[in-house]
Amino acid sequence: MGLKAKRTLSNTIAYIFLIVISIIWLFPFVCLFLQSLRSYNEGGGGIVEYLLPKQFSLDSYTFLLSKESQFLRWYGNTLIIACFVALFQTIIVLCVSYALSRMRFKGRTFLMKFWLILGMFPGFLTMICLYFLLKQFGLTQAGAIPGLILISVASSGMGYYVTKGYFDTIPKALDEAARIDGASRARVFFTMIIPMSKPIIIYAALVAFMAPWCDYIFASYVAFGYSDSYNVAVAMQRWVWTNDYQGYFTRFCAGGMLVAVPITILFICLQKYYVEGVTGGAVKG
């Protein structure tokens, strides 16, 4: 068998394997989408034994967009939390990473290692402590939205590692040349480093956006008992628990599809920069 034939055979096997994996991975999402399009009159909106709807309808989506469901309020809460966290957390991570990459000060190495060790412990260990701390400031239940933003942003500096690795790949000679010309640290950072760091900025923003968008455990803990402060994950779970599960199954599927829309759009549009940010930040550390 010639070299060209071997290459064709190996590529064919690889493509077949990838197609099979893609089908397995996409199958649950296809099921979710098809069930969300099933008419509410078909099976009463509950679970059925077949996959393809006998009667297609947008009843579930119409219900979610109505005032009766409160879904738009929960969706808005989630969007507000995710956007603010993405903005402030990205700014903090960039500043901390630049300081650790370019500056040398006493305790720098210890601080970096200490943060890495702290990152090994799950955040659930601090849930009780954080809840009572937020409660003292009125940032639970009715004030859960700013409370969740504060908690997510407060520890964001510990996620410096990938961003610092990306900054390490940018030659320090650029900073030194600008400093000789009289530029301050801030000017070097904002006018030179930031324009060259678009991939890592997008990576940091996407990671920061995804965490609160998918958060359930801590969000349910902080907003417990106050439905107006629920995010989508908490609201839909309580929604199914407190209502008829059989009657709300198709609506739950429709809500899952709407929740996936922002993340899907962001990854499709920014995938190139996301990959560059990950690979660039993994070169040095």
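A disulfide here is a pair of cysteine sulfur atoms within 2.5 Å. This structure holds zero of them. Take Cys-31: its nearest cysteine sulfur, in Cys-253, is 9.4 Å away. That is too far for a bond. Cys-31 counts as buried, at 17% relative accessibility. Buried means under 20% relative accessible area, exposed over 50%, partly exposed in between, with a 1.4 Å probe and protein chains only. Cys-253 is buried too, at 2%.

Ground rules. This is a predicted model, where local features need pLDDT of at least 70, side-chain atom pairs count only at pLDDT 80 or more, and totals for chains, interfaces and linings use all residues. Residues are numbered from 1 along each chain as its sequence is written, and side-chain values use heavy atoms, with hydrogens and water left out.

Now helix H10, residues 198–213. Helices are DSSP runs of H or I, at least four residues, numbered from the N terminus. H10 has 16 residues and reaches 22 Å from first C-alpha to last, close to the 22 Å expected at 1.5 Å a residue. That expectation is 1.5 Å times one less than the number of residues. Its buried residues include Pro-199, Tyr-203, Ala-208 and Trp-213.

What does H10 meet in H7? Pro-199, Ile-200 and Tyr-203 meet Val-162, Thr-163, Tyr-166 and Phe-167 of H7. Contact means heavy atoms within 4.5 Å.

Last, Gln-89, in helix H3, residues 71–102. Buried or exposed? Gln-89 counts as buried, at 16% relative accessibility. Gln-89 touches Ser-152, Val-153, Ser-156 and Ala-208, leaving out residues up to four places away in sequence. Ala-208 brings us back to H10, among its buried residues.

How values were computed: Axes are lines fitted to C-alpha atoms, for helices over the stretch in contact, and angles run from 0 to 180 degrees between N-to-C directions. Helices (H or I, at least four residues) and strands (E, at least two) are DSSP runs, numbered from the N terminus.
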